[in-house]
Amino acid sequence: MFFLSEIEHTLRLPPYLLNRPLNEAIKGELDSLFLDKVIEKLGLCVSVYDIRSIDGGFIFPGDGASTYTVRFRLVMFRPFVGEVISARLKESSKDGLRLSLGFFDDIYVPVPLLASPNHSEPDPEHKNGIRWVWEYEGENYPIDGTDEIRFRVHNVSYPPVPLEQGKDSDEKESEQKDSKPFAPMVVTGSLDADGLGPISWWV
Amino acid sequence: MLILAISYDLISHILLAFVKSGTLIFVGWIYSFYLKKLIALGFLLEHFKKRVCLLLEHNAGALTNFEVLDLLKSRGAGKDPTRVIASVSASEFKVFDYLEQTPACNQTRDIIHKFVDECKKFDLAKAEILNVVNMRPSSAVEVYTIIEECDTRMEEKIDDFVEMILQVLPAHPSQAEPNEESGEGKEETVQ
């Protein structure tokens, strides 16, 4: 689930941080720059693991800030295909399930990858909600939010950042704002194997 | 008259040479001034080329959930009830909360080393060992999903494997109650 990635970055340290010790200031800058952000093909950055080297400290003409070349390692959240992860149900809709890990919410299980055979029924607890039910040997096992759900990672994709469309009218922009916010990293999971699904089904 | 003419000629030549050299020096000075700027600019451009984040190593190592939890704890995540003083940001706290609910919260480095040693006789891939350490499957059904082609590779050893997991890796606190009795029973037989 978690990997280390080593990165070299040219960092500009603003002058108001000059009174702090160098390591702290650089770590603070790296945190604000990388934490909780998705880097393509590397995953979601969880934490700065360590700083390996700091070079430079030049001040370029016309600029008040010093520039450092820093090598450091980041702890990245990057689930690999085939990994089994346990998560909580966030919402259930006609397209499938959406699971959440607390720090990462964009895990989708589309209908074809749900445990089969299954059927959906309107959720008695939430209005306009759909609850999915697995049929096995005559018994009905609903997927509800009471316990953790184990899923296997089917695919991890990084959709490209949508370009702004300047010529659209105001109406279209307001419609776009209502739709889901852009997710830079999407994990697709599957529940279609033994041992997957809510833990209560198997224990 | 002739001397005057010659000297005048000479003087004018000298003056001209002087002026020429003067301008040359002047031009040379201007040229060097701009050259330095160009060199500085070139250096800046070189540096700006590297300004973009450079990826050195895509995968410098896989981390188990326990190692990430240990890292966050070493920065003071667990002991701080107010969540303000420790040098751990809010997003890191979310990861900490998630990891506390997984079986990783009870593990130690020794346990994981011991588990990896015991796994050598089962011939498992590194990713599978990582998965098992993170998930702690407590029954054969759960092991089937994690290990590929379980039937062909592990035919009868699967029960030994599950038993080894239950012995070496500690259970999650919420699972501890039903496992404690069976755990104590096994300790007696081992001793």
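Please bear in mind that the model is predicted.

Let me begin with the extent of the interface. The size of an interface is often given as the accessible area lost when the parts come together. Here, chain B and chain A bury about 3,900 Å² between them, and carbon and sulfur atoms account for 60% of that area. In terms of residues, 38 from chain B are in contact with 46 from chain A.

I turn now to the polar side of the interface. Between chain B and chain A there are 13 residue pairs in polar contact, with both residues at pLDDT 80 or more. The rule also finds 1 salt bridge across this interface. It joins the side chains of Arg150(A) and Glu142(B), at 2.7 Å from N to O.

Which elements of chain B give two or more residues to the side that touches chain A? They are helix H1 (2–49), strand S1 (54–63), helix H2 (65–74), helix H3 (90–100), helix H5 (126–135) and helix H6 (140–146). The largest share, 10 residues, comes from S1(B). By residue class, the side of chain B that touches chain A holds 20 nonpolar, 11 polar and 7 charged residues.

Strand S1 of chain A, residues 2–13, is joined to S1(B) by 6 bridges, and the two strands run antiparallel. Within this pairing, Ile7(A) stands opposite Leu55(B).

To close, I return to two points: S1(B) gives the largest share of chain B's side of the contact, and S1(B) also pairs with a strand of chain A.

Terms used
Residues numbered from 1 in each chain as written. Chains lettered and ligands numbered in written order. Predicted model: local features only at pLDDT ≥ 70, side-chain atom pairs only at ≥ 80, totals over all residues. Heavy atoms only, no water. Contact = heavy atoms within 4.5 Å. Buried area = accessible area lost by both parts, 1.4 Å probe. Salt bridge = Lys/Arg side-chain N within 4 Å of Asp/Glu carboxyl O. Polar contact = N/O pair within 3.5 Å; in protein donor to acceptor, adjacent residues only side chain to side chain. Helix = DSSP H or I, 4+ residues; strand = E, 2+ residues; numbered from the N terminus. Nonpolar A, V, L, I, M, F, W, Y, C, P; charged D, E, K, R; others polar. Pairing = 2+ DSSP bridges.
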